[in-house]
Amino acid sequence: MTHMDFEALVALLRRIFLANGTSPLVADSLARNCAGAERDAAMSHGLFRMAGYVATLRSGWVDGRATPVVEDAGASFLRVDAANGFAQPALAAAAPLAMAMARKTGACVVAIRRSHHFAALWPDVEPFAEAGLVAIAMVDSMAVVVPPGARRPVYGTNPLAFAAPREGGRILVFDQAVSVLAHGDVQIAARDGHELPPGAGVDAAGQPTRDPRAVLDGGALLPFGGHKGAAIAMMIEIMAGALTGGLYSHEVDWSAHPGAQTPCTGECLILIDPARAGPAAGFAARVEHLVATLRAAGQDRMPGDRRFAAREKALRDGVLVSAAMLHHLESLMG
Ligand code: NDP
Ligand code: PYC
């Protein structure tokens, strides 16, 4: 195991993306995102994902040099055509205008279509909360989640991320898949020979299973909370796959591109300026009051706490990377 400086890790991943044909802008964006996930111990979307990015780029399914097009669709609505490229550079292209619109009108919807999202979603909301806005992001993915009573998967693992400013420059963030487990965690469990928790998935015959391979080989994941999680999955399909003009998870068809792993769907981001509801400092204080109440009631871990602690440690000591992973990353250069 080596402790790697975070910026050195970003630079290594950047070289891998460039070596596999992305533009410098896309390489910067994805390298920082993926290294950031590893730094934050968000392992399901950290270095483990690099092989999938590279296989997808090599398959021709995604355009690693796409130039997103930002379209002004109203006082509080931006449409973004990611042009079959990655979602993160598309969001970055829209972000300055989206923030200005949210500040001017109180809110802004950013509707991104034809976008590949293969990452954790918190990087898409955190910067906005750090800038004083409330941010909610939704992405649909690929059909691996079976709705209650259904015989086949229809929904994606559809993450939902929320971030709000707190006092003292801090933020409150959650980011969660709509399935009991992210698909990435099922792949990691299969790789490491671990069982899934009960109630996470079914096998190809629709029977409950704790075997990650059975879920991956024709089985499916289940939404968290039964029909309640399924309703959130449905909302995310509509917000990210319909409102944006993108695809639903069940419409993703990469069969002509062996090796492709990044779903090409849509992303919906909603920004709200809390200053419109009263002084911004008052909103942050209200969020802080809720956090204090939760802690006083006995909840000692807020969403985001674990990641922020991992981030602080990694920025101080370096990101822990195994020799085997470094070797693997080198092998992705060409
Ligand atoms: P987790 O279940 O690990 O965590 C979900 C949220 O709950 C996090 O904000 C986490 O905070 C928080 N949390 C976890 N345990 C506790 C606890 N005991 N008390 C309080 N809060 C807690 O995430 P998922 O497995 O659902 O998702 C993992 C990642 O996968 C996400 O980043 C998601 O965006 C990504 N994903 C991406 C997809 C895509 O299409 N791009 C599809 C599906 C998932 P903390 O992070 O601090 O632990
Ligand atoms: O982990 O579920 C997941 C996932 C799907 C697409 C990217 N990540």
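This is a predicted model: local features need pLDDT of at least 70, side-chain atom pairs count only at pLDDT 80 or more; totals for chains, interfaces and linings use all residues.
A polar contact is taken here as a pair of N or O atoms within 3.5 Å.

**Ligand sites**

By that cut-off, the 3.3 Å separation between an oxygen atom of ligand 1 and a polar backbone atom of Arg307 counts as a polar contact, since the limit is 3.5 Å. Ligand 1 is surrounded by 22 residues, the closest being Ala119, Asp175, Ala177, Arg301 and Arg306. Ligand 2 has around it His45, Arg49, Phe118, Met142, Thr157, Ala182, His183 and Gly184.

| Ligand | Residue | Protein atom | Distance |
|---|---|---|---|
| Ligand 1 | Arg301 | polar side-chain atom | 2.8 Å |
| Ligand 1 | Gly304 | backbone N or O atom | 2.9 Å |
| Ligand 1 | Arg307 | polar backbone atom | 3.3 Å |
| Ligand 2 | Arg49 | side-chain N or O atom | 2.9 Å |
| Ligand 2 | His183 | backbone N or O atom | 2.8 Å |
| Ligand 2 | Gly184 | backbone N or O atom | 2.9 Å |

On its own, ligand 2 has 240 Å² of accessible area, of which the protein covers 93%. For ligand 1, which exposes 920 Å² when taken alone, the protein buries 76%.

In soluble globular proteins, nonpolar side chains tend to be buried together. The largest nonpolar core of this model holds 32 residues, and the members that touch the most others are Cys108, Val110, Ile112, Val125, Phe128, Leu269 and Leu271. Elements that each supply at least two residues to this core include strand 3 (77-86), strand 4 (107-116), helix 5 (122-130) and strand 11 (264-272). Helix 4 contributes the most, with eight residues. Leaving aside residues up to four places away in sequence, Cys108 touches Ser76, Phe77, Leu78, Ala98, Met101, Ala102, Leu269, Ile270 and Leu271.

**Helix 4**

The buried residues of helix 4 include Ala87, Leu91, Ala94, Ala95, Ala98, Met101 and Ala102. An α-helix has 3.6 residues a turn, so residues three or four places apart point the same way. Cover for the buried residues of helix 4 comes from elements including helix 2 (24-39), strand 2 (69-72), strand 3, strand 4, helix 5 and strand 11. The helix is kinked by about 45° at Ala95, shortly before the proline Pro96. Just after helix 4, Gly106 adopts a positive phi of about 105°.

Note on methods:
Residues are numbered from 1 along each chain as its sequence is written. Chains are lettered from A and ligands numbered from 1 in the order in which they are written. Side-chain values use heavy atoms; hydrogens and water are left out. A nonpolar core is a set of buried Ala, Val, Leu, Ile, Met, Phe, Trp, Tyr and Cys residues joined through side-chain atoms within 4.5 Å. Buried means under 20% relative accessible area, exposed over 50%, partly exposed in between (1.4 Å probe, protein chains only). Helices (H or I, at least four residues) and strands (E, at least two) are DSSP runs, numbered from the N terminus. Contact means heavy atoms within 4.5 Å. A residue is near a molecule or strand if one of its heavy atoms lies within 4 Å of it. A polar contact is a pair of N or O atoms within 3.5 Å; within protein, one must be able to donate a hydrogen and the other to accept it, and residues adjacent in sequence count only if both atoms are side-chain atoms. Accessible areas come from the Shrake-Rupley method with a 1.4 Å probe; for residues, only the protein chains shown count as cover. The bend at a residue is the angle between axes fitted to the seven residues ending there and the seven starting there.
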